[in-house]
Amino acid sequence: MGAARGRGGTRRGTRAAHRRAARGPRRRAERPDDLRRLRQCAARNVPGRPARSGTPRARRRHHPPPGRPKRRRPVEHLGARPMVPGRHLLRGIRVSGESFRVDLRGIVDILSHHLYSSPRVYLRELIQNARDAVVARSEVDSDAPREIAIEVEDGGAVVVRDSGIGLTEEEMRSVLATIGASSKRSDFTRVRRQYLGQFGIGLLSCFLIADRIEVRSRSARSDDAPTLSWVGSSDGTFSITTAQTPLAGAGTEVRVQARADDREWVEPARVHLLAERFASLLELPISLQSGAQPQPEIVSTRTPPWRGSDLEATAWCHRELGFAPLAVLPIDVPTAGVVGVAFISDSPGRVGNRHGDTVYSHGMFVADDNVQLAPNWAYFVRLAVESGDLALTASRESLQDSPAISDVKEQIGTQLRQRIEHFALSDPVGFDRFMDVHAKGILAMAASDDDMLDLVIGHVPWETSEGTMTLAQILRLSDDVQYTASMTDFTAFAPLLRAKRSLLVNGSYVYGSEILRKVRERRGHAARVRAFDPHAFLDSLPEPREGGAEARGFEVHARAVLERLGVDLDLRAFAPASTPSLFVAAPGVDHRSRLADDAAEADPWAGLLSEPEASRARPRLVMNVTSDAVRSLVRVRDERVRADAISGLYVIGLLRAGETLDERHGELLSSTLHTLITAAGGGE
Ligand SMILES: Nc1ncnc2c1ncn2[C@@H]1O[C@H](COP(=O)(O)OP(=O)(O)OP(=O)(O)O)[C@@H](O)[C@H]1O
């Protein structure tokens with residue numbers, strides 16, 4: 001078969017097959033199915049392909065209509081290198097080694113609308129190329145000067161000069177004038193690592209603000225290299241000539257004359273701002289001469305926040321991020337060359353809404369709003385990091401998604417948790433301030449995030465009947481932890497549980513009960529953490545032993561007084577004796593339905609039987625028969641005094657339960673006081 005196709009490939013082969021088929025029954029094509037296919041081809045007027053596969057659309061994709069043969073123009077064009085040198089056949093026409101043609105304006109349009117976020121990147125690309133050129137030169141000559149200077153000219157042009165490696169004529173042609181070609185790309189990671197550029201498109205970003213890019217360059221590769229002038233235009237042409245004014249030494253000077261409409265990007269103040277933004281952490285000194293400035297100013301070589309002291313990092317955060325951090329935590333992922341700091345924000349922010357991290361690559365600013373290197377739970381943290389070996393996107397305004405970045409994010413999450421735990425232990429005062437600002441958000445995150453839950457269990461203090469402690473301490477202390485979702489219940493019952501040596505946790509903070517529920521769901525703590533049920537607790541308290549006539553008389557009287565107030569009476573004996581009465585609100589609908597459901601499951605008659613019970617679900621006043629006040633009251637004979645004192649116990653119960661008192665309660669209290677004072681004074 002191969003021999004039959006000869007130099008012309010498939011189509012030649014098919015023509016031969018066609019001829020063979022036409023010649024008669026001598027060869028292999030006599031096979032009936034081949035003949036049938038050839039007839040079908042002839043019927044479709046297809047010149048000689050014995051068989052075709054795929055849909056017509058797919059076929060069009062593989063065999064596009066031929067382009068018009070291109071003729072070399074006398075003017076040189078910015079473009080791409082030939083993709084596949086050699087010969088190709090398109091629909092029977094043999095063409096040789098043609099290059100794709102490039103519509104530069106189209107490319108610039110794509111860059112400006114779909115790649116770069118703003119024309120400001122032109123300056124970053126110029127600085128980056130200058131820096132890479134200096135690095136490339138120091139590779140071959142470690143004593144070479146390392147200088148970069150930016151100058152803003154009066155007529156609306158920016159010039160960037162470097163003492164870098166420079167360019168030969170051949171290099172100008174092959175890398176400056178070839179879109180997508182870069183002298184910095186290499187299969188060797190080491191080489192790739194030391195350069196900022198790699199895609200071979202950065203210089204084109206100057207066309208976002210200008211129609212001409214002028215490059216004067218003198219190669220450092222030979223002592224007698226001439227200074228060459230390369231001028232590229234946005235119409236896609238370029239020229240290379242010997243420069244009229246040679247450069248004093250090896251290096252490159254790039255001049256970008258802004259279009260009238262884009263002058264704002266070369267205003268001295270704007271250039272100053274951009275140069276500082278992009279280059280402040282570059283290690284090379286970069287001077288900027290702009291406007292009426294008498295002396296050039298160095299805009300680079302600032303100490304990165306991860307390299308200086310905490311104080312310097314704090315100052316950096318204040319200057320660059322606009323807040324004074326509550327803490328500065330170090331970040332270090334050596335496997336990816338990532339190093340940085342985490343600043344804890346001084347304001348609550350929006351929970352779960354992390355701000356972007358500030359990312360640099362080899363000291364060059366990359367992004368501060370679209371990269372998230374910390375996990376979502378760390379919404380109160382802003383990172384400033386050197387991204388080391390993590391690959392950038394072509395726009396250099398973000399990091400590429402990759403397994404490496406996922407790994408870095410995971411490690412940063414782990415480190416943050418460890419650092420925060422260390423912060424809690426080593427600086428309790430600072431951590432208290434942190435909790436003052438972020439507790440609410442941290443609890444909110446912990447309700448849905450397991451990592452954050454661990455942090456909360458270990459470090460967030462909770463109010464309990466035994467004082468303030470973390471959940472970790474609570475779980476160590478008691479094997480039966482109850483929590484209440486209501487502040488009122490906590491206030492009323494904490495003393496009672498303390499007296500019974502049980503632990504009650506105040507879970508009435510926002511997200512408090514969700515977190516405690518999550519802790520309960522965790523394996524290991526399942527049996528030990530439960531919601532506190534005030535009614536069940538009260539029911540479990542002992543009732544007083546059968547009293548004498550005096551006690552029975554008091555009970556009947558008290559029940560009648562409280563009935564008028566819409567409250568049930570419950571007499572119980574409990575400690576502490578200093579608590580004479582407890583007010584308990586009517587069970588909530590949820591609570592009641594849960595109890596009814598539980599009961600219904602156990603006993604099919606329970607629904608019916610519990611009906612009268614449920615209808616009497618009202619608030620109750622529990623009187624403590626061990627308290628001196630109640631014991632004395634039983635002995636009071638004067639019905640008026642006794643009735644008012646019972647009302648007084650009711651109001652005390654309300655106050656202890658943190659209930660809101662209204663005018664009616666105020667009147668009740670003053671009437672009680674009046675009666676008691678009068679009685680104490682011997683009556684009216
Ligand atoms: N100041 C300079 N000195 C020496 N060579 C330069 C200079 N500026 C550009 N070049 C050459 O031009 C090439 C193309 O530059 P360009 O900025 O378009 O892409 P890059 O820097 O290689 O990659 P990227 O698109 O990622 O920035 C560079 O690879 C480099 O060889």
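Biologist: Which residue forms a salt bridge with E563?
Modeller: This is a predicted model: local features need pLDDT of at least 70, side-chain atom pairs count only at pLDDT 80 or more, and totals for chains, interfaces and linings use all residues. Residues are numbered from 1 along each chain as its sequence is written, and side-chain values use heavy atoms, with hydrogens and water left out. A salt bridge is a side-chain nitrogen of Lys or Arg within 4 Å of a carboxyl oxygen of Asp or Glu. Here the closest N and O atoms are 2.9 Å apart, and the partner of E563 is R618.

Biologist: How many residues apart are E563 and R618?
Modeller: Helices (H or I, at least four residues) and strands (E, at least two) are DSSP runs, numbered from the N terminus. E563 is in helix 18 (residues 549-564). R618 is in the loop between helix 21 (611-615) and strand 24 (620-624). The pair links distant parts of the chain, and the separation is 55 residues.

Biologist: What is the relative accessible area of E563?
Modeller: Buried means under 20% relative accessible area, exposed over 50%, and partly exposed in between (1.4 Å probe, protein chains only). R618 is partly exposed, at 25%. E563 is also partly exposed, because its relative accessible area is 44%.

Biologist: How many salt bridges does the structure hold?
Modeller: One of them joins R131 and D132, with the closest N and O atoms 2.9 Å apart; both residues are buried. D539, E543, D570, R572 and R620 are linked in a network of salt bridges. The structure's total is 29.

Biologist: Why is the pair W316 and F343 stacked?
Modeller: A pair of aromatic rings is described by the distance of the centres and the angle of the planes. Rings of Phe, Tyr and Trp (its six-membered ring) pair if their centres lie within 6.5 Å; planes under 30 degrees apart count as stacked, over 60 as edge-to-face and the rest as tilted. W316 and F343 have ring centres 5.9 Å apart, and the pair is stacked because the planes are at 15 degrees.

Biologist: How many residues apart in sequence are W316 and F343?
Modeller: Both W316 and F343 are buried. W316 lies in helix 10 (residues 310-321) and F343 in strand 13 (residues 338-344), so the pair ties together parts whose separation in residues is 27.

Biologist: What is the angle between the planes of Y379 and F380?
Modeller: Y379 is buried at 7%, and F380 is buried at 1%. Ring pairs link both into a cluster with F423, F431 and F434. Y379 and F380 are 5.3 Å apart, centre to centre, and edge-to-face, with a plane angle of 85 degrees.

Biologist: How far apart in space are R350 and Y379?
Modeller: R350 lies in the loop between strand 13 and strand 14 (358-361). R350 is exposed, with a relative accessible area of 61%. R350 and Y379 are 29 residues apart in sequence, yet their C-alpha to C-alpha distance is 7.8 Å.

Biologist: Where do E125, N129, D162 and T252 gather?
Modeller: The unreviewed UniProt entry annotates these four as "binding site". UniProt positions are given in the numbering used here, feature names are shortened, and annotations may be inferred rather than shown by experiment. The residues span 128 residues in sequence, yet no two of their C-alpha atoms are more than 14.0 Å apart, so they gather at one spot.

Biologist: Is R396 buried or exposed?
Modeller: R396 has a positive phi near 60 degrees, although the residue is not glycine. R396 sits in the loop between strand 16 (381-386) and helix 11 (403-426). The relative accessible area of R396 is 6%, so R396 is buried.

Biologist: Which loop holds P576?
Modeller: The peptide bond from A575 to P576 is cis, with omega near 5 degrees. P576 lies in the loop between strand 22 (568-572) and strand 23 (581-584).
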